Amino acid sequence: MSNIQKAFRSGKAFIPFITCGDPDLATTEAVVKEAVKNGADLIELGIPFSDPTAEGPVIQGANIRALSGGITTNQIFDFVRKLRQEVTIPLVFMTYANVVFSYGAEKFISTCAEVGIDGLILPDIPFEEKEEFLPFCHQYGVDLISLIAPTSSNRIGMITKEAEGFIYLVSSLGVTGVRNEINTDLQSIVSIIREHTDIPVAIGFGISKPEQAKAMSAFADGVIVGSAIIRLLEQHGTSAAKPVGEYVKSMKDAVSN
């Protein structure tokens, strides 16, 4: 079993997204630990990039703040190495192909494995182009997470057949960000996915409220939240750990009931 799938073994998973280095790595560490303490089942760690095309203004702002603070990929690897001395739940990186290419794909993925990263999400890489990374992911035991969007309908079978870890189901078209309503018929998409694979499905993009998380977890295996957490970091800065922890608890309670 993939280590990632352990996050889904004991009920519905809550997955927070946190941008590394926003506002600094000490705060990221405190926020991650508080999220784990309050029920996070898997954590998505963002490696900042100067042109994060899938992100809305909230997470773009986090990228800018982290990069302005001088964060580097090497610092993030060292941070995860240290974090792994205490944090045992699955961890995945979310970043962009250019970050991996500029570091060197094999070096990046082998270092992921060495520091304890279980999976990799690259939202700007289409399914058809993942072969540039997949052999290294297989070689070093890092799951390359597949994304399915509302427009993927005729490609779902192809994508799910090779899916690893979990499937990231994008709730709606456009970029990340808090949405008051999610109108996509996600339940039907999950049903189609289920016809092809039993790999867990987690829904992300736009979820911010406990009632949204509860509704999504009724038919999906997990819920991913980013922008609402990044907003708390933006508001509270280096004091964000406690409010993020309280928020994570409210969302975990929602998906568990």
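R65 and E234 form a salt bridge, with their closest N and O atoms 3.9 Å apart; the term covers a side-chain nitrogen of Lys or Arg within 4 Å of a carboxyl oxygen of Asp or Glu. R65 lies in helix α2 (residues 57-68) and E234 in helix α10 (residues 227-236), so the pair ties together parts that are 169 residues apart in sequence. Helices are DSSP runs of H or I with at least four residues, and strands are runs of E with at least two, numbered from the N terminus. The model is predicted: local features need pLDDT of at least 70 and side-chain atom pairs pLDDT 80 or more, while totals for chains, interfaces and linings use all residues. Residues are numbered from 1 along each chain, and side-chain values use heavy atoms, without hydrogens and water.

The structure holds 15 salt bridges. One of them joins E162 to K130, with the closest N and O atoms 3.1 Å apart. E162 sits in the loop between α7 (156-161) and β7 (167-170), and K130 in the loop between β4 (119-121) and α6 (134-140), so this pair links parts 32 residues apart in sequence. K130 is buried at 7% relative accessibility, whereas E162 is partly exposed at 34%; buried means under 20% relative accessible area, exposed over 50%, and partly exposed in between (1.4 Å probe, protein chains only).

The largest nonpolar core has 96 residues, a core being buried Ala, Val, Leu, Ile, Met, Phe, Trp, Tyr and Cys residues joined through side-chain atoms within 4.5 Å. Helix α11 (residues 241-256) gives the most to this core, seven residues. V225 is among the residues with the most contacts inside the core.
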